Amino acid sequence: MFGAEVRAWEALVETARRTVRDGLVVGTSGNVSARVGDTVLVTPSGVPYDRLTPRDVTGVDLDGRQVLGSLVPTSELPMHLAIYRTTAAGAVVHTHAVHATAVSTLVTELPAIHYMAAALGGPVRVAPYATYGTPELAENMLRALADRSACLLQNHGAITYGATLDQAYDHMSQLEWMCQVWLKASSTPHLTPTLLSEARMREAGERLRGYGQRG
């Protein structure tokens, strides 16, 4: 491995472990990937994240051919590769987070409960169910991700991407939090949550584009 791949693998493993620490993943139910040039580093299938070492590095090219390591890549590799082939993503995070998974079984789009949905491109859609690890699921996901950096996967979980691992992880955390807020608000007896209009969401999106430190 080159230096960039070594550093990316270390960051990927730490991000994967963070998904467990933060309660977004149980066991080996999620997966994380990062792109380094034309190589996609990805968590291997069925290996607990706390056991991963530098020797376990797993990498494929954009066609899915293994170019690093000997461990079998995650079964969700088709989703990861579909995102890298069609966006400028630098990293992808997939989880079976509790609230996101619950919402995926109830609606076809997460209601606009909070303006942070604008940071993900707008209201988060739910990709129709398909068996995990299949091209059909990857296709459904891509349609739900159009102009978005996150989507829910019906009866399955959620997937997000970003320019970096930190950004992809932040998108996942924000999505799970919004799902939790909507579930709590909508379960209050005799009350209906106030939702944001499309105009309000557009306004929030404009302001968020200038959010944070300059330079």
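## Pockets and cores in a predicted model

At least two residues of the lining of the largest pocket come from each of helix 5 (165–186) and helix 6 (198–208). The structure is a predicted model. Helix 6 gives the most to this lining, with 9 residues.

The space in the largest pocket is about 610 Å³. Its lining has 29 residues, and Ala118, Ala119, Leu120, Gly205 and Leu208 are the closest to the pocket centre. The second largest pocket holds about 190 Å³. It is lined by 16 residues, with Thr28, Ser29, Asn31, Thr74 and Ser75 closest to its centre. The classes of lining residues are set out below.

Methionine 116 sits in the loop between helix 3 and strand 6 (126–127). Is methionine 116 buried or exposed? The relative accessible area of methionine 116 is 16%, and the cut-off for buried is under 20%, so this residue counts as buried. Leaving out residues up to four places away in sequence, methionine 116 touches Gln174, Met178 and Leu208. Leu208 is also among the residues closest to the centre of the largest pocket. Between methionine 116 and phenylalanine 2 there are 37 Å in space, C-alpha to C-alpha, and the two are 114 residues apart in sequence.

The largest nonpolar core contains 44 residues, and Val103, Leu110, Leu152 and Leu175 have the most contacts inside it. Elements that each supply at least two residues of this core include helix 1 (3–21), strand 1 (31–36), strand 5 (91–95), helix 3 (98–104) and strand 7 (150–153). Helix 5 and helix 6 also each supply at least two. Helix 5 provides the largest share of this core, 9 residues. Another core, of 23 residues, lies apart from this one, and Val42, Ala82, Leu137 and Leu153 are among its members.

Which residues does leucine 175 contact, beyond its neighbours within four places in sequence? They are Leu110, Leu120, Val124, Ala150, Cys151, Leu152, Ala158 and Thr160. Of these, Leu110 and Leu152 are listed with leucine 175 among the core residues with the most contacts.

In an unreviewed entry, UniProt places the feature "domain: Class II aldolase/adducin N-terminal" at residues 10–183. Over that stretch the chain is 33% helix and 19% strand. The end C-alpha atoms of residues 10–183 are 35 Å apart.

Key:
Residues numbered from 1 in each chain as written. Predicted model: local features only at pLDDT ≥ 70, side-chain atom pairs only at ≥ 80, totals over all residues. Heavy atoms only, no water. 1 Å grid on protein atoms, 1.4 Å probe; cavity = no way out; pocket = protein on both sides within 12 Å on 5 of 7 lines; lining within 4 Å. Points joined across faces, edges and corners; volume = space filled by probe spheres on them. Helix = DSSP H or I, 4+ residues; strand = E, 2+ residues; numbered from the N terminus. UniProt positions renumbered as here; feature names shortened; annotations may be inferred. Core = buried A, V, L, I, M, F, W, Y, C linked by side-chain atoms within 4.5 Å. Buried < 20%, exposed > 50% of the residue type's maximum accessible area, 1.4 Å probe, protein only. Contact = heavy atoms within 4.5 Å.
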